[in-house]
Amino acid sequence: MVTLADVARHAGVSASTVSYVLSGKRSISAVTRERIQRSIEELGYRPHAGARALASSRTDILALMMPLRTDMYVPVLMEIAMAVTTTARAHGYDVLLLTGEEGPEAIRRVEGSRLADAMIVMDVELEDPRLPYLKAAGRPAVLIGLPGDTTGLSCVDLDFEAAGAECVDHLAALGHRQIAVLGEPLAVYARGTGYAERTLRGLRAAAAERSVGLLHRPSDGGHAAVAATVGRVFEERPGTTALVVQNEAAVEPLLAVLRRDGRAVPEDVSVFAVCAGQAAAQASVPLTSIGVPAHEMGRRAVERLFAHLDGHEPPGTVLIAPELVDRGSTGPAPAEA
């Protein structure tokens, strides 16, 4: 293994001079710095991570807090994680993945051990118990998601409230007056998950503005659960002509139930999805949708984090505008409705 002393001998300088070039703690002439860099490249020297962290007070590691729950759609989480990882590597950083449901304890552990220079936090709740500890830690952090109060926080997310409103606007323009929402499992709403609540807020506000009837029903993703939920929807609101689904696991069961009941899409009932674009595009009936821009969310979160680390950007919120993709699963409301 090539050592710092080997680099110093090869470059004809002292070991301390090589150390200063690596840490940046002392000004070294451009000529000497270039000679040392050439020696590092020719010898294939790689600084010891622990020694580098001690010398620079940086670990070159980002922590990604991504709790894995049974009611979450894992492909979207993995796409965000991949975007975070590749963007971090482009900046010379590695990613420490925290997948447990430890909450504040995970933040205390990372901060106490100095495992990472900064943190990205996912699965954000409106009243998230992690936030006071995140603020107290004092290290740069970015949330992928919005809590109820974003004061002093840096956040990146799809504008789910605007997405909900756009669903209603699109369907109302097609003449639909009764819309039902097949939502996430009840546990997602019970813990106040931000994206689900904000989508619902946008749906309700737009429905009230356009005098459209809106019925929201949470649902698990299994066939039996979806069948029961859809059955109740049409019992309660027989005039329902459009369904909005925000639950990737419920997409195929929903389409199967509609086929079973003889309801054609979009002739008898329109279906609009707020979900991962891949889930909507690859459904047995490709669905008109507003997709979750997972890769962009992960990339922009990392870029904001490095801007904070470099002191170039204050905290703030970045909302990504929703993009509607029409795949033909929505159409004019049936005349008899």
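Predicted model: local features only at pLDDT ≥ 70, side-chain atom pairs only at ≥ 80, totals over all residues.
Is Tyr-195 buried, exposed or partly exposed? Tyr-195 is partly exposed, since its relative accessible area is 24%.

**First stop: the parallel sheet.** Select the six strands that form an open sheet in the order S2-S1-S3-S4-S5-S11, with parallel pairing. At its edges are strand S2 (94–98) and strand S11 (317–320), each of which pairs on one side only. From one strand to the next, the twist averages 20°. Now display strand S5 (residues 155–158) beside S11: the two pair in the parallel sense over four bridges. Asp-157 has Leu-319 in S11 as its bridge partner.

**Second stop: Asp-123.** Select Asp-123, in the loop that connects strand S3 (118–121) to helix H7 (131–137). Asp-123 is buried, with a relative accessible area of 9%. Its side chain makes a polar contact, at 2.6 Å, with the side chain of Arg-69. Leaving aside residues up to four places away in sequence, the residues that Asp-123 touches include Pro-67, Met-72, Ile-144 and Thr-193. Two further arginines, Arg-130 and Arg-191, are also among them.

Move to the open sheet of six strands ordered S7-S6-S8-S9-S10-S12, in which the pairing is mixed. Strand S7 (213–218) and strand S12 (324–325) are the edge strands; each has a single partner strand, so one side of each lacks a neighbour in the sheet. Helix H10 (residues 194–209) packs on this sheet and touches strand S6 (178–183) and S7, its direction making about 160° with that of S7. Helix H11 (residues 223–236) can be shown next; this helix lies across S6, S7 and S8 and runs at about 155° to S7. Within the sheet, strand S8 (residues 242–245) and strand S9 (residues 270–275) pair in the parallel sense over four bridges. Val-244 stands opposite Phe-272 in S9.

Select Thr-288 in strand S10 (residues 288–291). With a relative accessible area of 0%, Thr-288 is buried. A polar atom of its side chain lies 3.3 Å from the backbone nitrogen of Gly-328. Among the residues that Thr-288 touches, those up to four places away in sequence not being counted, are His-170, Phe-272, Leu-324 and Val-325.

Over the whole structure, a search finds two aromatic pairs. Show Tyr-93 and Phe-306: their ring centres are 4.9 Å apart and their planes meet at 80°, so this pair is edge-to-face. Tyr-93 is in the loop between H5 and S2, while Phe-306 is in helix H14 (residues 294–309), and the two are 213 residues apart. Both Tyr-93 and Phe-306 are buried. The other selection is Phe-160 with Tyr-195, a tilted pair with 5.6 Å from centre to centre and 50° between the planes. Phe-160 belongs to helix H8 (residues 160–173) and Tyr-195 to helix H10, so the pair ties together parts 35 residues apart in sequence. Phe-160 counts as buried, at 4% relative accessibility, whereas Tyr-195 is partly exposed.

**Last stop: a charge over a ring.** Finally, select Phe-234 and Arg-263. Arg-263 lies over the face of Phe-234, at 3.7 Å from the ring centre.

How values were computed:
Residues numbered from 1 in each chain as written. Heavy atoms only, no water. Buried < 20%, exposed > 50% of the residue type's maximum accessible area, 1.4 Å probe, protein only. Polar contact = N/O pair within 3.5 Å; in protein donor to acceptor, adjacent residues only side chain to side chain. Contact = heavy atoms within 4.5 Å. Pairing = 2+ DSSP bridges. Axes fitted to C-alpha atoms, helices over the stretch in contact; angles between N-to-C directions. Phe/Tyr/Trp six-rings, centres within 6.5 Å; stacked < 30°, edge-to-face > 60°. Lys NZ or Arg CZ within 6 Å of the ring centre and 35° of its normal.
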